[in-house]
Every structure is written in structure tokens, then in C-alpha cells.
Amino acid sequence: MRRRPGLSVRLRLTLSYAGFLTVAGALLMAVVWGFLLRYVPDNSQGLLGTSPNRYLLVRTFAPAAAVAMAFLLVLGLVGGWFLAGRMLAPLTRITAAARTAGSGSLSHRIRMEGREDEFRELADVFDTMLEQLESHVAEQQRFAANASHELRTPLAISRTLLDVARRDPAREHDELLERLQAVNTRAIDLTEALLLLSRSDRGNVTRANVDLSLVAEEAAETLLPLAEQRGITLDVTGGTTRTSGSEELLLRMVTNLVQNAIVHNLPTGGTVTVHTEMRGDASVVRVENTGHRLPPELVPTLTEPFQRGTDRARTDEHAGVGLGLAIVHSIVRAHDGTLDLVPGPTGGLLATVRIPGKR
């Protein structure tokens, strides 16, 4: 947006300082002048040297007052320019840092030294903003790179299968179609997961009254065949847990948590426990499972897109696309909640979701 050129802040402050000093000096001289004139007679007695009169006082005091006023004006301009420069120096550094960030470099930091004041607070807030922006941009770049890689994989597999079929027309077509269907299904699942993640990241949530205990029961009922197939015991406990949010997104959140707990479990004899409760003003969903021990440093990375725990990829039919917990984290944030992941003392993972409740 183009604006008309105007006076700089430093020049305006300088003129303000000079004007204030000049007006204050003029008022002081006016007060002195008024008091002097009250006691000085306005006659010719002073011509004989016996006492002063107003004429002599004006002739003597007025030039000196004019010189003093001129000195105050010059002092106000010079001193105001210097003081304004000193006061605005931190703002100049902040402006330079903002211009650098605007050019695309987010690694620069102001790190203003000195005591706490308004400029120091502004600089610290700006540094924090740059740090968050840099982290967000880096996260988006990693996400874009991983998404491109994940989407390219099924496409490359499909092309390879088609090339093989073209070179060998006698090859069994049913097997080829089955493998192409599996690859295509995986690509569709990945695309739908990316769309859901984008939707929840935008925070466009249509809110309604939702009972998380019913959502948990529905998710468990849907995934019960998978749990029975893997020999996992699935339990749902807790009472009515009401909140305000999107029932569709909250169901996807709990489903992802439960499916993750089932898939990443012991080969046989494992358990998954889903518990819902009201805790103060928060609605809580807790999903706990058995499983192998997780390194503590790995747990904070599980909510990153395309992170699949200790295994970068899985080969079974429930491998997922590595967006399960990332989608959970995004849905929780869209509902102004928190997601806590804690490794179990003997293995497995404890996931706790807290969302503002509604009684």
C-alpha cells in the first residue's frame, strides 16, 4: 500500500521536544516579566539613576530574553534530535529485523540487551514470533516432503505393475488387478487423511453437544473385529463425558487412538483400555495399551506426520499412512484441547486427551 511521504518519527519527536522547551522557556520568562513589572514604576525617575523604570527594563531585558529563547530553540532541536535518536535506536533494530524476515530469512534474532522496557518487550515478542514461524515453516516443509514421498510411492508401484503387465501379456490379470486395487486404496486413504488433517488444522469446526463415552463405544465397536483378529482384549469404561465439538472429527480422533493402540501392541494377549470421564471442567479420554517399550525420546515425535513409531513402515493391511496421531493432535487442537503421550512403565503407550467439557 502506497502512502504519501511524511515526517519521520525522529523529526517529529525533535520538533516536539524543541517546541515544548521553547514554550516552557517563554512561560518562565513571562512569569518573571510579570513579577518584575509589578514593582517597577512607569515614570522618568529612573533617568537620574535613582531607580529603574519600565523603559530601561525593556531595553535591557528584552534582548537578553530573545537571545535566551533562541538558545532554547537551538538546544531543543539539537538535543531533541540526539535524544530521539537514542530512544528510537531499538526500534531501528526491530525494523531491520522485520525487513530481514520479510525477505525470507527467519533465522535472524534481535536479542536486545539491557533492562526490561517497552522496546525490550517488543523485541522479545518479535524474537519469539520468528522462532515459532521458523519452526512452523520447517514443519510444513518436512510435511510437504514426506507427503510427496508417500504419494509418489503408490504411483510408482502402480506404474511398475503396469509396465510388468505390458511386457508380459500372459501374466495373470487377477493378481495384477488385486495388487493395483490395494495400491490404489492406499493412495486414496492417504489423500483422505491429508484432507482431514488440512480441515482440522484450519480449525473450521461445527460444534454440537457430543458425549465422548458414546463416541468411544462406537469406535470400539467398529474396531472390535480387528482386536479379535489380533487377540487383543478391548475394554471401554467410564461414564457420560460431554463436550462441544464436531462429532465426526471426535469419532475419528478416538478411532485413530484405538486403532493405533491395537496395531502397536503385543503379538497376542495384549489389552487396550479406553476410559472417559469428567475431570473438573475438562472432558478426558484416556487410551492405554500394552506393547513393547518405547524410547522416551521417540514419544514426542509420534504426532509428527508420517511418523510410525519404531517402524518407519509396516507391511500388513492396517499399516496406515503415518498420519493417525498427527490427525488426532490436529483435531484436539481444533477443539482447544491437549494431547499427552506417555510411555507405559512396562511397555505400550498412554494417550490422554483433554477437551473443554460441557455439563
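1. Start with Asp336. In this predicted model, Asp336 is exposed, with a relative accessible area of 59%. Its salt-bridge partner is Arg207, and the closest N and O atoms are 3.6 Å apart. The pair links distant parts of the chain, 129 residues apart. Arg207 sits in the loop between α4 (173–202) and β1 (208–211). Asp336 sits in the loop between α7 and β6 (338–343). Arg207 is partly exposed, at 39% relative accessibility.

2. Next, look at Glu113 and Arg93. They form a salt bridge, with the closest N and O atoms 3.4 Å apart. Glu113 lies in the loop between α2 (54–102) and α3 (118–167) and Arg93 lies in helix α2, so the pair ties together parts 20 residues apart in sequence. Glu113 counts as exposed, at 57% relative accessibility. Arg93 is partly exposed, at 34%.

3. Glu277 is partly exposed, with a relative accessible area of 23%. Arg286 is also partly exposed, at 25%. Shared partners join Glu277, Arg279 and Arg286 into one network. The salt-bridge count comes to seven.

4. Now turn to the helices. Helix α6 (residues 247–263) packs with helix α7 (residues 324–334) at an angle of about 145°. Their axes are 9 Å apart. The crossing is left-handed. Contact residues of α6 include Leu249, Met253 and Leu257. Those of α7 include Leu325, Ile327 and Val328. By class, the contact has eight nonpolar, three polar and one charged residues.

Conventions:
Residues are numbered from 1 along each chain as its sequence is written. This is a predicted model: local features need pLDDT of at least 70, side-chain atom pairs count only at pLDDT 80 or more; totals for chains, interfaces and linings use all residues. Side-chain values use heavy atoms; hydrogens and water are left out. Axes are lines fitted to C-alpha atoms, for helices over the stretch in contact, and angles run from 0 to 180 degrees between N-to-C directions. Helices (H or I, at least four residues) and strands (E, at least two) are DSSP runs, numbered from the N terminus. A crossing is left-handed if the near helix is turned anticlockwise from the far one by less than a right angle, and right-handed if clockwise. Contact means heavy atoms within 4.5 Å. Ala, Val, Leu, Ile, Met, Phe, Trp, Tyr, Cys and Pro count as nonpolar, Asp, Glu, Lys and Arg as charged, and the others, Gly among them, as polar. A salt bridge is a side-chain nitrogen of Lys or Arg within 4 Å of a carboxyl oxygen of Asp or Glu. Buried means under 20% relative accessible area, exposed over 50%, partly exposed in between (1.4 Å probe, protein chains only).
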